[in-house]
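Please open the model in your viewer and get ready to select residues as you read. Each stop on this tour tells you what to pick next and what is there.

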Protein chains: 2
Amino acid sequence: MANPIEFYFDFASPYGYIGAVQIGGLAGKYERAVTWRPILLGAVFKVTGSAPLPSLPLKGDYALRDMPRSARFLGIPLNFPTTFPIATQAPARAIYWIEQQAPDKVEAAVIALYRAYFVKNRDISGPETTADVLAAAGFDRGQILAAVADAAIKDRLRQETQTAIDRGVFGSPFVFVDGEPFWGHDRFDQIERWLRDGSF
Amino acid sequence: MANPIEFYFDFASPYGYIGAVQIGGLAGKYERAVTWRPILLGAVFKVTGSAPLPSLPLKGDYALRDMPRSARFLGIPLNFPTTFPIATQAPARAIYWIEQQAPDKVEAAVIALYRAYFVKNRDISGPETTADVLAAAGFDRGQILAAVADAAIKDRLRQETQTAIDRGVFGSPFVFVDGEPFWGHDRFDQIERWLRDGSF
C-alpha cells in the first residue's frame with residue numbers, strides 16, 4: 001500500500017473539521033490510509049506570529065462568515081459553537097492514546113469529537129467532556145481520563161506539534177501526500193489530483 | 001442586467017492573476033459585468049498587521065510552492081517573476097485612467113499587465129514598463145505615462161484602496177457578488193454557486 005496521507009489538524013479548527021469528515025473517503029478512494037495528527041495551533045502561532053482567526057482584523061470577520069458558508073457549500077453540518085476557539089489538549093491527547101490502543105478506531109474518535117464540538121455545541125476542551133463523548137463512541141471513560149492526564153501522552157502531543165512546525169505546518173487542516181504539503185480544505189481538489197496522477 | 005461582480009486585486013498578487021484570468025469568463029456565463037478594482041495591498045497590510053506572503057514564517061515557503069502549483073492545477077501559465085513582490089502604483093493607476101477613457105478595454109489592459117509580470121517576467125512597477133506593455137496592447141504610451149503621474153488618478157487609487165479596507169478587503173483576489181465577500185481564487189467554486197443559485 002502507498003504511503004498514508006498525513007492529516008494535521010487542531011480540534012478547534014472549523015476548516016479542520018470540514019477536512020476531517022472528507023479525508024477518509026478521499027484516501028479510501030485511492031487506497032490510502034490516513035495518519036491523524038492532532039496538534040496545538042497555539043504553539044504554531046507563536047512561531048508564525050499569527051493568532052486565532054476571529055482575532056485578526058478584517059480577516060476574522062470574514063472567516064466567521066466563510067466557515068459556515070464553506071460547510072453549507074459542501075453539505076457538511078456545522079453549528080457554530082458558542083465558545084470559540086477552545087483549548088484542545090484533552091481531545092488531542094485522547095487521540096494519541098487511542099492510536100496506541102486501537103489504531104483502526106482513530107478516525108471514528110476524531111469525527112465523534114469534531115461533531116460534538118461543531119455540530120452539537122459541546123465544549124470538548126475539558127477532559128470530562130472529551131471522555132463523555134468518547135465513552136458514547138464506545139471507548140472506556142476511565143481510560144480516556146487517565147490518558148489525558150498521562151505524562152507520556154502529554155509529551156507525545158508536544159512532540160507531534162513540534163514535528164509539525166519543523167515540517168512547515170502553519171494552519172489546519174494541513175495535509176501531506178507523499179511529502180507534498182497542502183494547506184486548507186480548499187486544496188482537496190489538488191490533493192485528489194495528486195493522489196490520482198502523482199505530481200503535477 | 002444584474003449587479004457587476006466587484007473584483008479587487010493587487011498587480012503583485014499571483015493569486016490575483018489566477019483569479020483575473022478566470023473572472024471575466026465566469027461573469028459572462030451568468031450575464032454579469034466585472035468592476036475591476038486594483039488596490040495596494042501594502043496599505044491593507046498596515047491595517048491587518050500582515051505582510052507580503054513570502055516574508056511570513058512557514059506560510060511564505062508554502063505560498064511560493066502553492067502559487068505555481070495552483071496555476072498548473074488550473075492550466076494557467078505562470079512563470080514566477082525574478083523580482084517579487086513589486087510596487088504596483090503604476091499599473092493600478094493606469095487601470096483607473098483606462099476605466100475613465102474606455103471602460104470596455106479595462107479587462108484586456110488588466111490581463112496584459114498581469115501577463116507581462118507573471119508570464120513574461122517584466123517588472124511592471126515602473127511607469128515606463130507599464131506604458132510599454134499597454135502601448136503594445138493598443139493604448140497611447142504618452143497618455144499612460146501622463147495618467148500614472150496625474151494627481152487625480154493618484155487620489156483615486158488611494159480612495160479605492162481605502163474603500164476596499166472599509167469593506168473588509170484584506171487580500172487578493174477579493175470578490176463581491178451582490179455584496180457577499182469571497183476571498184481567494186479558491187472560492188471561485190462558491191462564487192459560481194452564488195451566481196447560479198443566489199445565497200446558499
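The tour goes from the contact between the chains to a pocket, and then to some details of the backbone.

**Before you start**

This is a predicted model, in which local features need pLDDT of at least 70, side-chain atom pairs count only at pLDDT 80 or more, and totals for chains, interfaces and linings use all residues. Residues are numbered from 1 along each chain as its sequence is written, chains are lettered from A and ligands numbered from 1 in the order in which they are written, and side-chain values use heavy atoms, with hydrogens and water left out.

**Stop 1: where the chains meet**

Colour chain A and chain B separately. The contact (heavy atoms within 4.5 Å) takes 30 residues from chain A and 30 residues from chain B. About 2900 Å² is buried between the two chains, with carbon and sulfur atoms giving 57% of it. Buried area here is the accessible area (1.4 Å probe) that two parts lose on being put together, summed over both.

Now select L58(B), Y62(B) and F73(B): in chain B, these lose the most area to chain A, together 24% of what that side buries.

**Stop 2**

Show the side chains of R65(B) and E180(A), which meet in a salt bridge at 2.5 Å, N to O. The term stands for a side-chain nitrogen of Lys or Arg within 4 Å of a carboxyl oxygen of Asp or Glu. Next, pick R65(A) and E180(B), another salt bridge, whose closest N and O atoms are 2.5 Å apart. This pair crosses between chains, from helix α3 of chain A to strand β4 of chain B. Helices (H or I, at least four residues) and strands (E, at least two) are DSSP runs, numbered from the N terminus.

**Stop 3**

Select D186(A), R187(A), D189(A), D186(B) and D189(B), which lie nearest the centre of the second largest pocket, out of 19 lining residues. The elements giving two or more residues to this lining are α3 (59–74) and α9 (188–197) of chain A, together with α3 and α9 of chain B. The pocket has a volume of about 370 Å³.

A pocket is found on a 1 Å grid over the protein atoms alone, as an open set of points where a 1.4 Å probe fits, with protein on both sides within 12 Å along at least five of seven lines; lining residues have an atom within 4 Å of a point. Points are joined across faces, edges and corners, and the volume is the space filled by probe spheres set on them.

**Stop 2: backbone details**

Most residues other than glycine have a negative phi, and most peptide bonds are trans. With that in mind, go to the bond from S172(A) to P173(A), which is cis, with omega near -5 degrees. P173(A) sits in the loop between α8 (151–166) and β3 (174–177) of chain A.

In chain B, the bond from F84(B) to P85(B) is cis, with omega near -15 degrees. Look for P85(B) in the loop between α3 and α4 (89–101) of chain B.

Finish at E31(A), a residue other than glycine with a positive phi, near 55 degrees. E31(A) lies in the loop between α1 (14–29) and β2 (34–38) of chain A.
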